[in-house]
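I opened the notebook to look up cavities, salt bridges and surface patches. My entries follow the order in which I checked them.

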Amino acid sequence: MNGAGAAVVLTKSRPNSNQSWKERLSSEFSYTGMLCFTFFLYAVLALLSLAPDGTVGKLSPMHGAVQSNSYLQSLLDITGVNRATNFQLQIYFMLLLIFMVIAYAWAVFIFRRREDKGLFSILCIAVPLCLLLVIIPPLVSKDVFSNIFYAKIAARYHCNPYIVTPQRFTSDQLMAFVSLNWKNTAIVYGPLHTYFSVFLNLAAGQGITANILVFKGSVAVFHILNTLLVWSILGYSAPGRQRFGTIIYAWNPLALIIGVGGGHNDLMMMTLVLLALFFLVRGMKWPGYIVLCLSVMVKYITFILVVALVVYLLSRKTRNLDRLRDLVLYTAVFALIFFLFFLPFWEGFRTFSSTLRNLQLNNYSSVGGALSYTVSWVLQYILRLSAELAETLGNVMVKLVLLPTFLAALWFIPRRTYSWEGLPNCFFLVTLVYLVTTSYYMPWYFLWILPLISLRPWDRLSRYSLGIGTATMSLGCDLHPY
């Protein structure tokens, strides 16, 4: 064979070999292996959550029930979980996260290639995993205990949770499980979240374990609803990405472990955002706008999406008079919803005192917090300013740069959105810029953009956002014992 003929053979064999590798990795045998691997990893996570020191699964009455169960105690003894130190449990958890991300990437790869896997296949994994995560102790966060306590303040003690803090009820058994940061802090969430929490607390009764199961169970329901909404929105706006986009959200480890396992209300907020998009991509302006306003009544952060939507809607008008008239109407509708929901809790500006204090928080896992720390360090150790003055100036200087950046994005991104179908991407970009410019970030904040990543094209920005966001799982996780 001459040289040219050999080159042709080599050229043809390479893609065939590559194709064979992809086919083997996405075959039915590999699909079954991926499912078994995923279930195994989450079973190990459930086992680690039962460790008696509360490292992975936060200490709760559930651990007492485990201690009295001879079968579970034997299992924990055999696997060495009962004897593991806090450091060992942290290492096991971090390794487990790495393998979970690998299993997730494997699943995304398979669903991108396999057209025979649809919504039923996605739910067949998502639902059992949600059930498992509901019945184990709260994972890597104590926030669910705070949410239960705020509900009790309103439902059982008949006080205003926006004014009264858990610290007033020191004799309540739940106080032992509430995080120190929240014991003397009033609720910082919207009234719709509070009403729903009161309903859950009344349904669950006085038992702490029952409340944990009910609160986490409701978050699991929201996660499944979000999966269905992503599927429905993509089915209308981008059928070719329907299967792939839905799996990106439904099986994401951060959504499952921290969202469902931690019982975070961010999933409830995103249910309303996705429901609003369900209406908006179909051109149903007012149902979408009202539902989006309701999402603000869960967590205030989606107010930026309300502003983005209003800017988009006003940019579609050609006359300034029409814009002014619509702006007044949108503002009035939001104000009415705000007034009606807050009316039973209204105590003037005192109602938002805890929320306003929370806006001053900084941490180094955020871009703004890291920049503030860097500038403060330069001011203190290079320019020799006092520590207090350097910290203050660092925070102010960084905010003077990042805040205008975000406001510019909030103005220009919606104005460059040219159709209803472009609103998911608009919401994604606005939220992404906010997360990049904020001074405080916790891993569950990624849940604000995860469903929106699922709804946009699978480009480089989507890949980077998904990868980096999922990797933030380990940031801010409470892995301290007890």
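**Entry 1: cavities**

I began with the second largest cavity, which is lined by Thr38, Tyr42, Met100, Ala103, Tyr104, Ile125, Leu129, Trp251, Pro253 and Leu256. The model is a predicted one. I then looked up which elements give two or more residues to this lining, and found helix H2 (28-49), H5, helix H6 (119-135) and helix H12 (253-260). H5 gives the most, with three residues. I sorted the lining of this second largest cavity by class: nine nonpolar, one polar and no charged residues. Its space comes to about 70 Å³.

Next I took the largest cavity, which holds about 110 Å³ of space. I noted 13 lining residues, and the closest to the centre are His193, Phe215, Ser218, Val219 and Asn265. Helix H9 (191-204) and helix H10 (208-237) each supply at least two residues of this lining. By class I got six nonpolar, seven polar and no charged residues for the largest cavity. My search of the whole structure gave six cavities of 30 Å³ or more.

**Entry 2: salt bridges**

Side chains of opposite charge can pair when their charged atoms come close. I counted 13 salt bridges.

I picked the pair Lys152 and Asp172, whose side chains meet at 2.8 Å, N to O. Lys152 sits in helix H7 (residues 143-155), while Asp172 is in the loop between H7 and helix H8 (180-183), so the pair links parts of the chain 20 residues apart. Are these two partners buried or exposed? Lys152 is buried at a relative accessible area of 9%. Asp172 also counts as buried, at 9%.

I moved on to a network of salt bridges that links Lys317, Arg319, Asp322, Arg325 and Asp326. Within it, Lys317 and Asp326 meet at 3.6 Å, N to O. Lys317 is partly exposed at 28% relative accessibility, whereas Asp326 is buried at 6%. I also checked Arg325 with Asp322, where the closest N and O atoms are 3.7 Å apart. These two are about one helical turn apart, because they are three residues apart in helix H16 (residues 320-342). Asp322 counts as buried, with 14% relative accessibility.

**Entry 3: surface patch**

Phe87, Ile91, Tyr92, Leu95, Ile98, Phe99 and Ile102 form it, with about 680 Å² of accessible area together. I followed up Ile102, which lies in helix H5 (residues 86-113). Ile102 is partly exposed, at a relative accessible area of 44%.

Methods:
Residues numbered from 1 in each chain as written. Predicted model: local features only at pLDDT ≥ 70, side-chain atom pairs only at ≥ 80, totals over all residues. Heavy atoms only, no water. Patch = residues over 30% accessible without salt bridge, like charges linked within 9 Å, V, L, I, M, F, W, Y side chains within 5 Å. Areas by Shrake-Rupley, 256 points an atom, 1.4 Å probe, with all protein chains shown as cover. Salt bridge = Lys/Arg side-chain N within 4 Å of Asp/Glu carboxyl O. Helix = DSSP H or I, 4+ residues; strand = E, 2+ residues; numbered from the N terminus. Buried < 20%, exposed > 50% of the residue type's maximum accessible area, 1.4 Å probe, protein only. 1 Å grid on protein atoms, 1.4 Å probe; cavity = no way out; pocket = protein on both sides within 12 Å on 5 of 7 lines; lining within 4 Å. Points joined across faces, edges and corners; volume = space filled by probe spheres on them. Nonpolar A, V, L, I, M, F, W, Y, C, P; charged D, E, K, R; others polar.
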